[in-house]
Amino acid sequence: MNRQITFLIPMLLFLINSCVKNTEFNEISNACSDDLVVNASFSQIKELYNGELLQIQEDLIIEGYVLSSDKSGNFFSVLHFQDNPSNPTEGFQIEVDLRESHLFFEVGSKIIIKLKGLYLGQSRGVFKLGGTFAAFGTTSVGRLPALKIPEHIFLSCEDTATITPKVTAIQNLNETLVNTLVQLDSLEFRIADFGLPFAEVREETERIVTDCKGNELLMLNSGFADFQSEILPENNGSIIGVLLQEGDDFKLAIRSLEDLSFENERCVEPVTEFTSTSIFISELADPNNNAEARFVELYNADDEPLDLNGWTLRRYTNANTEISSTIDLTGNIIEARSTLLISPNGAEFELVYGFLPDIAVSTNSPADSNGDDNLELVDPFGTVIDVFGVIGEDGSGTNHEFEDGRAFRNLEVVQASSIYTFSEWTVFNDTGGNGTTNMPQNAPEDFTPGLRE
């Protein structure tokens, strides 16, 4: 009997130890402490950074509230914390070599951090605390070893707080919100991504969410998260997540699928294709002294900005009845009572006129006419809205020749015309035929790109 007891005791000890898969449970204590006195703010710590990795030598102490969680696997070896449970002014992050950190530092826990001995660095605009990591001859902030965590990170004895996300919008995201918990409403995943999982297996994956105005935000998902294989929702809704930053890009990372609520109807697709006679050709330039300073100017006479999605500008060279070249104007907006300048040589345009054109295209384009060609402005539905010249007629010697000169739309004209009307134009050239003015024009003094006066 005694032999059996002697045998069972080590066996029981072995089984108990075998159940504890994470040895860090023996290294990290859940005991709380309120003996430390906070003596620094997040901003004061960030001000210590001078552009190089810094080991903090002063006895500085900060506190914050944990807002990230690695329970679902979307966060790994990092704690994100902010200065207040609601309406935070700043956030921070500390790299830790600790698995299952949510068991020790649950969301809402108030933590107190002794900074002396920790390293402070900045990676792509984001401040980080931690240990060090050396690779390829450089040293940066790395994970704080598990055995060192009890020396620097302490749980406050205060009850766990409720972290209230700051409700904001994509266009309002800024650096002060980085490493804080935010909520964005009326978001949806792109139709092109329907049927895709949150992340590719074992790969960090970015998915794009958009709001109803077309603003985009990157959502960062781990290929090791327990929701990796879940399919992206197709409805519209809200996302709560930790705001991250990489360079100039903001990214959002959720703690779990509970941070998502997608139960609304998708946004109504905005109508960006329209027709209007308020947009027309207002000036054509073929400078006598510099052919590389040519340009075409369009004008919007409307009181509202107009989107040129689907609009094109066509050129018919000389007497051609077939289109010689085209400019796709998609992606450009003409502001109310403003111009859009198109140049075949953006660098030369800037050198001559002192500012960049709105669109820089290539030579032999509609913006590169030598003065005897014809142009059409066409809406997204294929309707010719405005015309300069007569298609099929070489401009030489006609009332639509602007060789070595300029064609300017008279100021009283406020509507496009699908038929060329000479009385709407003042035309300068080097011949003076058919009512035009024989007065070659030189750049920049004889031209007014961007001005309609």
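## Disulfide bonds

The link of Cys212 and Cys267 is left-handed, with -75° about the S-S bond. A disulfide is here a pair of cysteine sulfur atoms within 2.5 Å. The model is predicted: local features need pLDDT of at least 70 and side-chain atom pairs count only at pLDDT 80 or more, while totals for chains, interfaces and linings use all residues. Residues are numbered from 1 along each chain as its sequence is written, and side-chain values use heavy atoms, with hydrogens and water left out.

By the sulfur distance rule there are two disulfides. Taking the bonded cysteines of the protein chain in sequence order, they pair 1-2, 3-4.

| Disulfide | S to S | Angle about the S-S bond | Handedness |
|---|---|---|---|
| Cys32 to Cys157 | 2.1 Å | 90° | right-handed |
| Cys212 to Cys267 | 1.9 Å | -75° | left-handed |

Cys212 sits in the loop between strand 12 (205-211) and strand 13 (216-221), and Cys267 in the loop between strand 16 (260-264) and strand 17 (279-285), so this pair ties together parts that are 55 residues apart in sequence. Helices (H or I, at least four residues) and strands (E, at least two) are DSSP runs, numbered from the N terminus.

The disulfide of Cys32 and Cys157 links distant parts of the chain, 125 residues apart: Cys32 is in the loop between helix 1 (2-19) and helix 2 (42-46), and Cys157 is in the loop between strand 9 (153-155) and strand 10 (166-168).

Buried means under 20% relative accessible area, exposed over 50%, and partly exposed in between (1.4 Å probe, protein chains only). Cys267 is buried at 13%, whereas Cys212 is partly exposed at 39%. Cys32 is partly exposed at 41%, and Cys157 is partly exposed at 37%.
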